[in-house]
Amino acid sequence: MATTSVMHTVLVPVKQDQQEIFLQDVIRGLSAKNKYLDSKYFYDAEGDRLFQEIMRCHEYYPTNCEMEILQEQSAAISQTILSYTHRFDVVELGAGDATKSIHLLRELLNTGKDFTYYPVDISGNVISQLEQSLPAQLPALKVHGLHGEYFDMLQEANVLSDKNKVILCMGGNIGNFTPAEARKFARQLRNYLQPGDLVMIGFDLKKHPQIILDAYNDSAGITKDFNLNLLKRINRELGGNFDITKFDHYPTYDPGTGACKSYLVSLEAQDVTIGGQTFHFGLHEYIYMEISQKYDLETTEQLAVQSGFETVANFFDNRKWFADNMWLCV
């Protein structure tokens with residue numbers, strides 16, 4: 001749910017700069033032969049709220065699967081961490097509301113170790129909420145929120161602390177990349193870490209195709225609203241004139257490749273103007289919105305080795321629909 005960029009020293013970029021980058025990214029995506037929008041822009045305050053609703057949908061299994069792992073196996077995860085390092089900080093990439101990671105944080109606090117939790121998120125709204133809510137739930141926890149791109153903020157965490165890093169990349173966030181992008185991401189992640197650092201990374205595993213497709217096309221239409229909200233955000237922040245009633249949400253899943261993709265489809269020929277530029281949509285032309293890649297365990301092992309890690313533990317829910325794999329930097 002985030003992309004990578006070169007390290008900078010400004011923790012929170014100037015709002016105007018963010019808006020200009022947003023505009024440039026939208027223009028670039030809609031000017032492409034096959035139109036697309038960058039999924040990191042889903043997460044304004046309304047996008048955050050809608051995603052929380054998605055995670056509560058009965059069809060959306062990944063949250064419950066990983067919640068089960070963290071609720072029932074945090075002691076084992078904590079023991080695994082402590083078998084490799086006793087001087088560490090926890091950095092969570094794409095922290096969200098931390099309702100899953102809080103179980104592990106509580107378990108680590110119970111060990112008496114002195115660590116800081118660095119939640120990283122592209123959404124400033126998320127970071128603000130965490131900095132208020134977590135100290136109330138875990139008074140002993142040191143929290144230092146980092147608002148920005150993953151690798152920018154990981155570098156910032158390295159500057160703030162020289163301890164070993166325990167990186168949490170949960171929620172199946174790695175699935176927001178194609179397999180080739182995932183390899184690039186994992187290798188870049190390794191470049192920001194030292195031997196002995198740990199990464200717990202969540203993978204949504206392949207299963208019956210209908211189960212997966214239903215998770216991205218819930219009966220209440222919340223996922224549809226979540227995708228359309230990005231068009232609303234473009235209208236509000238960039239002066240666009242999307243008519244969202246003229247677009248429909250369409251998900252696909254390929255059980256062979258494991259690629260689950262979401263599109264918005266134009267219901268008629270139409271023109272949309274953003275930032276003084278006009279974009280034409282043909283009847284049934286699509287905007288590619290995001291991918292949620294599914295994995296088998298063998299592929300996750302290969303990804304670790306190819307990226308400079310060694311898998312030291314795998315934690316599954318009871319149906320083995322989801323895996324949180326512990327990787328050691330080698």
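**View 1. An aromatic cluster.** Phe42, Tyr43, Phe51, Tyr60, Tyr216 and Phe226 come together here as one aromatic cluster. Rings of Phe, Tyr and Trp (its six-membered ring) pair if their centres lie within 6.5 Å; planes under 30 degrees apart count as stacked, over 60 as edge-to-face and the rest as tilted. The structure holds 22 such aromatic pairs. Please keep in mind that this is a predicted model, where local features need pLDDT of at least 70, side-chain atom pairs count only at pLDDT 80 or more, and totals for chains, interfaces and linings use all residues. Residues are numbered from 1 along each chain as its sequence is written, and side-chain values use heavy atoms, leaving out hydrogens and water.

**View 2. Phe203 meets Tyr295.** Ring centres 5.0 Å apart and planes at 70° make Phe203 and Tyr295 an edge-to-face pair. Phe203 sits in strand S6 (residues 198-204), while Tyr295 lies in the loop between strand S11 (286-293) and helix H10 (297-306), so the pair links parts of the chain 92 residues apart. Helices (H or I, at least four residues) and strands (E, at least two) are DSSP runs, numbered from the N terminus. Phe203 is buried at 0% relative accessibility, and Tyr295 is buried at 5%; buried means under 20% relative accessible area, exposed over 50%, partly exposed in between (1.4 Å probe, protein chains only).

**View 3. Phe309 and Trp327.** This pair is tilted, with ring centres 5.1 Å apart and planes at 35°. Phe309 belongs to strand S12 (residues 309-316) and Trp327 to strand S13 (residues 322-329), 18 residues apart. Both Phe309 and Trp327 are buried.
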